[in-house]
Amino acid sequence: MNKKNIPVVNVGISLLILIFMTLSLLTFSVLSLENAVADRRLSRKMAEHTSNYYAAVSRVQEQLAEQMRTVADEGLSAGTQFSFAQEVSDGQQLVVTVRLTDDRTGGENADTEETPAYTVTQWQLMSAEDWEADRSLNVYQGE
């Protein structure tokens, strides 16, 4: 009787390759899921920051319009500067500086006759807190 011997080594190697491939795919899928969750979290933070930024821009524009009405009533001269600051988020603020101009064609709002013309000289996001360097060093002094 002839018995056909099936090599056990070939079955074992193919099983090991299958297990390795399955673990590799599982690892890559978990990493992809983690990356997607981190991207979603970052997108939400950026959307919140963007909406806070544009809310601060709107408040600055309202302050600027009110200031220009006051300037029109008082008749201030060209070259006068005004600064506005609005909080965007914790530790960050929008700082806007405008300068009155006497030229109706060169200003930001030159098309209106009842308000004076102005030029924006600064429009910047700045830190609301002063930065302090950490000068403490944990150095071993001995016993």
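## Close-up views of a predicted model

Of the chain's 143 residues, 17% count as buried (under 20% relative accessible area; exposed is over 50%, partly exposed in between; 1.4 Å probe, protein chains only). This is a predicted model: local features need pLDDT of at least 70, side-chain atom pairs count only at pLDDT 80 or more, and totals for chains, interfaces and linings use all residues. Residues are numbered from 1 along each chain as its sequence is written, and side-chain values use heavy atoms, with hydrogens and water left out.

**View 1. Secondary structure of the chain.** Helices (H or I, at least four residues) and strands (E, at least two) are DSSP runs, numbered from the N terminus.

**View 2. A nonpolar patch on the surface.** Leu15, Leu16, Leu18, Ile19, Leu23, Leu26 and Val30 form this patch. Together they have about 690 Å² of accessible area (Shrake-Rupley method, 1.4 Å probe; for residues, only the protein chains shown count as cover). Patch residues have over 30% relative accessible area and no salt bridge; nonpolar side chains (Val, Leu, Ile, Met, Phe, Trp, Tyr) are joined within 5 Å, like charges within 9 Å. A salt bridge is a side-chain nitrogen of Lys or Arg within 4 Å of a carboxyl oxygen of Asp or Glu. Leu18 lies in helix α1 (residues 8-74). Leu18 counts as exposed because its relative accessible area is 53%.

**View 3. A negative surface patch.** Glu87, Asp90, Glu129, Asp130 and Glu132 make up this patch. Asp and Glu count as negative, Lys and Arg as positive; His and the chain ends are not counted. Each charge is placed at CG of Asp, CD of Glu, NZ of Lys or CZ of Arg. Glu129 sits in the segment after β3 (117-127). Its relative accessibility is 56%, so Glu129 is exposed.

**View 4. An aromatic pair.** One such pair turns up in a search of the whole structure. Tyr53 and Tyr54 are edge-to-face, at 5.2 Å centre to centre and 75° between the planes. Rings of Phe, Tyr and Trp (its six-membered ring) pair if their centres lie within 6.5 Å; planes under 30 degrees apart are stacked, over 60 edge-to-face, the rest tilted. Tyr53 is buried, at 18% relative accessibility. Tyr54 is exposed, at 54%.
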